Amino acid sequence: MTRNTDNLSTPAGDNRWQDYAACRGEPIDVFYPDRSDGMSGYRDARQICRQCPVRAECLTAALKQGERYGCWGGMSPRQRRRVQARAS
């Protein structure tokens, strides 16, 4: 089933995009792996994110909200910090 995500440009704070996220229903620990696993702990999460129709919206929300933990939009916390540092 293909989901129509054409109308997802929503005002700030509107999280309707989450209804279309590929991660819905997945175990949360996939996106918040044990720190001892390092970057390899995010492998499964990234695989799910690659197929997600709202990956960009997820990443944007994480960057705007300053999410410090977990995989959001296919990026680890370290990767998001680098993106934010380049944007500054």
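**Close-up 1. The salt bridge between D14 and R16 in this predicted model.** Here the side chains of D14 and R16 come together, with N and O 2.7 Å apart. R16 is partly exposed, and its relative accessible area is 48%. This pair belongs to a structure that holds two salt bridges, and the next view turns to D19 and R24.

**Close-up 2. D19 and R24, joined by a salt bridge.** Look for the closest N and O atoms of this pair, which lie 3.8 Å apart. How accessible are the two partners, D19 and R24? D19 has a relative accessible area of 44% and is partly exposed. R24 reaches 52% relative accessibility, so this residue counts as exposed, the cut-off being over 50%.

**Close-up 3. The buried face of helix 1.** Helix 1 spans residues 43-50, and its buried residues are A45, R46, I48 and C49. Viewed down the helix axis, these buried residues fall within an arc of 160 degrees, so they line one face of helix 1. A bit of helix geometry is handy to keep in mind: an α-helix has 3.6 residues a turn, so residues three or four places apart point the same way.

**Close-up 4. The other side of helix 1, with its exposed residues.**

**Close-up 5. Where the buried residues of helix 1 pack.** Two partners come into view: helix 2, covering 55-65, and helix 3, covering 77-87. The buried residues of helix 1 pack against both of these helices.

Key
Residues numbered from 1 in each chain as written. Predicted model: local features only at pLDDT ≥ 70, side-chain atom pairs only at ≥ 80, totals over all residues. Heavy atoms only, no water. Buried < 20%, exposed > 50% of the residue type's maximum accessible area, 1.4 Å probe, protein only. Helix = DSSP H or I, 4+ residues; strand = E, 2+ residues; numbered from the N terminus. Arc of directions from axis to C-beta. Contact = heavy atoms within 4.5 Å. Salt bridge = Lys/Arg side-chain N within 4 Å of Asp/Glu carboxyl O.
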